[in-house]
Amino acid sequence: MENALRELTLETPRLLIRHVRRSDANADYFALLSDEHGCLMDGYEPLKAMDETFAERMGFICQDAARYAIVHRESGRVIGETGLRVMDDRAVPYCMIDYKIHPDFRRQGYGREAVSALLDACFRRVGVPLVVAAVLPQNVASLRLVEALGFTREGLRRMSCAHDRFGPSDEVYFSLKADEWPGEAPLRRDVQPRRD
């Protein structure tokens, strides 16, 4: 499963979803990592400057085999990121998904388009049996997105994450099984795997 996730590159009508590259360490990616609301919903403090801390964070992100940049095809800008982590604490191996969209591109369907394409690839190409999303209760937009995509609300997991600002925080867990996925992703075509 992990090897197949390393090879994913997806294209939708408006987006290219590909692995994060060192060349992405620019103002667009900094905007993601410094966005107050987005970082608060992800559980960490926003970055303040494009400094050594930013470079270190980008280095860490680039090493993650299943961390993807969401690229706006028309402008070529990185407008978001998403990731998958293979987990093994259930009866079947599964993936945890996370995602974030640049503030200038929110509420335009980009999150849904990107997450739908990634789910479709997980279920149809990689053979992932289950995808799980953990969402902070105050992240209303993300709660709506996972529900709209057909995820089932599993419940509240108390003190499940260490939030930089709030300390131990609750998360709402959702899951979607492969046989529940309707396969309505707006995939255009597969793109060749990265070679860098």
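The backbone nitrogen of Asp 104 lies 3.0 Å from a polar atom of the His 102 side chain, a polar contact (a pair of N or O atoms within 3.5 Å; within protein, one must be able to donate a hydrogen and the other to accept it, and residues adjacent in sequence count only if both atoms are side-chain atoms). This is a predicted model, in which local features need pLDDT of at least 70 and side-chain atom pairs count only at pLDDT 80 or more, while totals for chains, interfaces and linings use all residues. Residues are numbered from 1 along each chain as its sequence is written, and side-chain values use heavy atoms, with hydrogens and water left out.

**Around His 102**

- His 102 sits in the loop between β5 and α5; helices (H or I, at least four residues) and strands (E, at least two) are DSSP runs, numbered from the N terminus.
- With a relative accessible area of 5%, His 102 is buried; buried means under 20% relative accessible area, exposed over 50%, and partly exposed in between (1.4 Å probe, protein chains only).
- Not counting residues up to four places away in sequence, His 102 touches Asp 28, Ala 31, Leu 32, Arg 77, Ile 79 and Gly 80, where contact means heavy atoms within 4.5 Å.

**Strands and hairpins**

- Strand β1 (residues 10-11) pairs with β2 in the antiparallel sense over two bridges; two strands pair if DSSP finds at least two bridges between them.
- Three residues separate β1 and β2 in their hairpin, and Leu 10 has Ile 17 of β2 as its bridge partner.
- On to the next pairing: β2 and β3 are antiparallel over five bridges, with Ile 17 opposite Ile 70 in β3.
- Four of the five residues of β2 are buried, so that strand is mostly covered.
- The hairpin of β3 and β4 has five residues between the strands, and Gly 76 in the turn has a positive phi of about 80°.
- Eight bridges pair β4 with β5 in the antiparallel sense; here Val 86 has Cys 95 of β5 as its bridge partner.
- A hairpin through six residues joins β4 to β5, and β4 is mostly covered, with seven of its 10 residues buried.

**Arg 73 in its loop**

- Arg 73 lies in the loop between β3 and β4 and is partly exposed, at a relative accessible area of 30%.
- The Arg 73 side chain reaches the backbone oxygen of Pro 13 at 3.1 Å.
- Arg 73 and Leu 15 are 58 residues apart along the chain, with 5.1 Å between their C-alpha atoms.

**Helix α4 and its two faces**

- Helix α4 (residues 52-63) has 12 residues and reaches 17 Å from its first C-alpha to its last, close to the 16 Å expected at 1.5 Å a residue; the expected span is 1.5 Å times one less than the number of residues.
- At the start of α4, a side-chain oxygen of Asp 51 comes to within 3.1 Å of the backbone nitrogen of Thr 53.
- Phe 54, Met 58, Gly 59, Ile 61 and Cys 62 are the buried residues in α4. They lie on the same side of α4 because they cover an arc of only 165° around the axis, taken from the directions from the helix axis to the C-beta atoms.
- These buried residues of α4 pack against α2 (27-34), β3 and β4.
- Exposed residues Glu 52, Glu 56, Phe 60 and Gln 63 are on the face of α4 turned away from its buried side.
- Arg 57, also in α4, is partly exposed with a relative accessible area of 25%.
- Leaving out residues up to four places away in sequence, Arg 57 touches Leu 33, Tyr 44, Glu 45 and Leu 47.

**Nonpolar cores**

- Which residues touch the most other members of the largest nonpolar core? Among its 38 residues, they are Leu 5, Leu 84, Ile 97, Leu 119 and Phe 151; such a core is a set of buried Ala, Val, Leu, Ile, Met, Phe, Trp, Tyr and Cys residues joined through side-chain atoms within 4.5 Å.
- Elements that each supply at least two residues of this core include β2 (15-19), β4 (78-87), α5 (110-126) and β8 (167-177).
- The largest share of this core, 10 residues, comes from α5.
- A second, separate core of 15 residues includes Val 20, Leu 33, Leu 47 and Met 58.
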